Amino acid sequence: IYEAQACGQRFEIFTYDVQKSDSVIQQVLKRGEMQNMDAIIGPAYPAQVSHAALFAKHNRIPCIIPFTNKVSGLEHNPYLVQFNPNAQQEAETAVRLLAAQKDSLQLVFVDPQASDVSAFVSMLREKVLAAGFATADISLQTIINDSLTSVLRQDKMNILVFNTDKYSSVSSVLNQVANQKKGHSLALFGRYSWQQEKCPIEMVYVSIFHEPNADLLASYEALYQQYFGHALSSLHPRYDLLGYDLTKATIRHLLLSQQAISDQDKQKVFAEEYHGLQSDIHYEKVSEDGGLENQCIKLVWK
């Protein structure tokens, strides 16, 4: 906001603590000023999104959903803007980005039929099978029994896919995995939140987040200390950077939309790409009458 002010831009900003309550967000949406907003960022919780979505559509106000990756009604509401892609989109992107190396890869799924397999892993397996990738299924017990090499191929990079999104659920066996490589090329299909873990083998993951430019980050953090004076988060992704990027992208889109005449032209403005500290953002329509979804997903080898 201060950066925008320094450039001569003026905004009237309203902030509301809607907690985790359906009733509170409904009360806020009934406030008179809400109908005159140029954009809404939030809410944070999935149960609240449906209320904001109906309000946004009725009043023709873009509503940017920052966290939820399952936004109900996105296909039929042109005023919804989803930042965090869903599991299917991540899986489809992963397969598309791996396709160039398809002939040199084998994906090895660990207990893919388990009752608690993550949505992303289920989608990824479905997509790679449909795309004709080489695959193999094994049990966790196979790794514990030091028999991983029974499915590894010498002629391919073997990518091990565990059925969970939690690093804590796989960390105890990764040293065993590393010890069983025995000359095979082997990598772990991880998650962005695992990037700071000391994984004993190479890791690949898809993410809407990237490493910030060091110089830009240093400038940002100096201002952060000046404004807020408390320790920075060590979480990944960093929510302070997420808030910065989403707000700055929204301001940029609103300034561009001032030049648009029709509602349709204003919606197109949100497809303009934004390059941020932690995220690049490029929204695309999910259907002819639907809202927008962030498409800037990258494949990272680490």
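Predicted model: local features only at pLDDT ≥ 70, side-chain atom pairs only at ≥ 80, totals over all residues.
1. How many aromatic pairs does the structure hold? The count is eleven.

2. Tyr 167 and Trp 194 form an edge-to-face pair, because their ring planes stand at 70°, and an angle over 60 degrees counts as edge-to-face. The ring centres are 5.4 Å apart. Tyr 167 is buried at 12% relative accessibility, and Trp 194 is buried at 2%.

3. Tyr 227 and Phe 228 also make an edge-to-face pair, with centres 6.4 Å apart and planes at 80°. Tyr 227 is partly exposed, at 39% relative accessibility. Phe 228 has 51% and therefore counts as exposed, the cut-off being over 50%. Both residues belong to one aromatic cluster, together with Tyr 2, Tyr 220, Tyr 224 and Tyr 244.

4. An open sheet of five strands runs in the order S1-S2-S3-S12-S11, with mixed pairing. Strand S1 (40-41) and strand S11 (283-285) are its edges, each pairing on one side only. S1 pairs with strand S2 (residues 63-65) in the parallel sense, over two bridges. Ile 41 has Ile 64 of S2 as its bridge partner.

5. Helix H9 covers residues 239-257. Its 19 residues should span 27 Å at 1.5 Å a residue, and the end C-alpha atoms are 26 Å apart, which agrees. Buried residues of H9 include Leu 241, Asp 245, Leu 246, Thr 250, His 253 and Ser 257.

6. Apart from neighbours within four places in sequence, Thr 250 is in contact with Ala 39, Ile 41 and Ile 64. Two of these contacts, Ile 41 and Ile 64, are the bridge partners named in point 4.

7. The largest nonpolar core has 59 residues, and Leu 124 and Phe 162 have the most contacts inside it. Not counting residues up to four places away in sequence, Leu 124 touches Ala 91, Ala 94, Val 95, Leu 107, Phe 109, Val 161 and Phe 189. A second, separate core of 20 residues includes Met 37, Val 49, Phe 55 and Cys 63.

Technical notes:
Residues numbered from 1 in each chain as written. Heavy atoms only, no water. Pairing = 2+ DSSP bridges. Helix = DSSP H or I, 4+ residues; strand = E, 2+ residues; numbered from the N terminus. Contact = heavy atoms within 4.5 Å. Core = buried A, V, L, I, M, F, W, Y, C linked by side-chain atoms within 4.5 Å. Buried < 20%, exposed > 50% of the residue type's maximum accessible area, 1.4 Å probe, protein only. Expected span 1.5 Å × (residues − 1). Phe/Tyr/Trp six-rings, centres within 6.5 Å; stacked < 30°, edge-to-face > 60°.
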